[in-house]
Amino acid sequence: MVSIVSRKYSEALFLVGKDKNSLDKYQNEVLDLSEVFKMNKDIMTSLCHPQLPLQSKMQIVNDLFSSKVSKEVVALLYVVLRKSRQEFLLEIFDAFVERCKEKRNVSTAVITSSEEIDDKYIEMIKKELEKKTNKSIEVEKRIDDRLIGGVKVMVDNILYDGSIDGKIKNIYKAIC
C-alpha cells in the first residue's frame, strides 16, 4: 500500500513529466535510481542519517545524480530531502512507476508458483488477463516453495487463486 506522502510526491513528478512530455524519460530515471538505492544501501543510510546535515545530503545527491538524471528528478530528490521524507524515496519511485503504467493502461501481474513455469503457460495467462482486464499486462514471476502446486496471480489488487492450497481452502469453506 502506497502512503499518502509517497502518492503526493509521485503525483507531482508525474504532472511535471506530463507537462514536459517526459514521462518515459522520468520513469527510466526513477527505475535506475531505485536500483542504485537498492544495490547501494550506504547511499540510503547516508540520506536517512539524522545527524548528517541537509547540505551534506544535498551534496551527495548532487555529486551522484545531477549529471545522470534530469534536473526535475534531482529537484524531486532535493524537495524530499528538505522535507525530511527520504525514507519514502523507494515508495515514491514505485508509486510514480505505477502511475505511469496506469496512464499507459498497463498492469503488472504477479504470478506465483511452486516452481518455474514454462513461458508458453505464462503467455497464456498473460493473454487471458489482458482479455479480462482490457489492459496490457506485464508479468512478474515469483517462486514460493510453500505452495503445493498450481499458481496464484495478483493483478490490480485482485487475487486469482489456482493453487492447490486455494482449492483446499474453498472445499473446506464449502463443507464447514
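Predicted model: local features only at pLDDT ≥ 70, side-chain atom pairs only at ≥ 80, totals over all residues.
Colleague: Which residues of helix 2 are called buried, and why?

Modeller: They are Leu23, Tyr26, Gln27, Glu29, Val30, Leu33, Ser34 and Phe37. They are called buried because each has under 20% relative accessible area.

Colleague: What makes these buried residues one face of helix 2?

Modeller: Viewed down the axis of helix 2, they fall within an arc of 165 degrees, so they line one face. On the other side, Asp24, Asp32 and Met39 are exposed; the term applies because exposed means over 50% relative accessible area. The cover over the buried residues includes helix 1, helix 3, helix 4, helix 5 and helix 6.

Colleague: Why do helix 3 and helix 4 count as being in contact?

Modeller: Contact means heavy atoms within 4.5 Å, so the term applies where Ile43, Ser46, Leu47 and Cys48 in helix 3 meet Lys57, Ile60, Val61 and Leu64 in helix 4. These residues divide into 6 nonpolar, 1 polar and 1 charged. The two axes come within 9 Å and cross at roughly 150 degrees, and the crossing is left-handed.

Colleague: What makes the span of helix 5 agree with expectation?

Modeller: Its 12 residues should span 16 Å at 1.5 Å a residue, and its end C-alpha atoms are 16 Å apart, so the values agree.

Key
Residues numbered from 1 in each chain as written. Heavy atoms only, no water. Buried < 20%, exposed > 50% of the residue type's maximum accessible area, 1.4 Å probe, protein only. Helix = DSSP H or I, 4+ residues; strand = E, 2+ residues; numbered from the N terminus. Arc of directions from axis to C-beta. Axes fitted to C-alpha atoms, helices over the stretch in contact; angles between N-to-C directions. Left-handed = near helix turned anticlockwise from the far one by under 90°. Nonpolar A, V, L, I, M, F, W, Y, C, P; charged D, E, K, R; others polar. Expected span 1.5 Å × (residues − 1).
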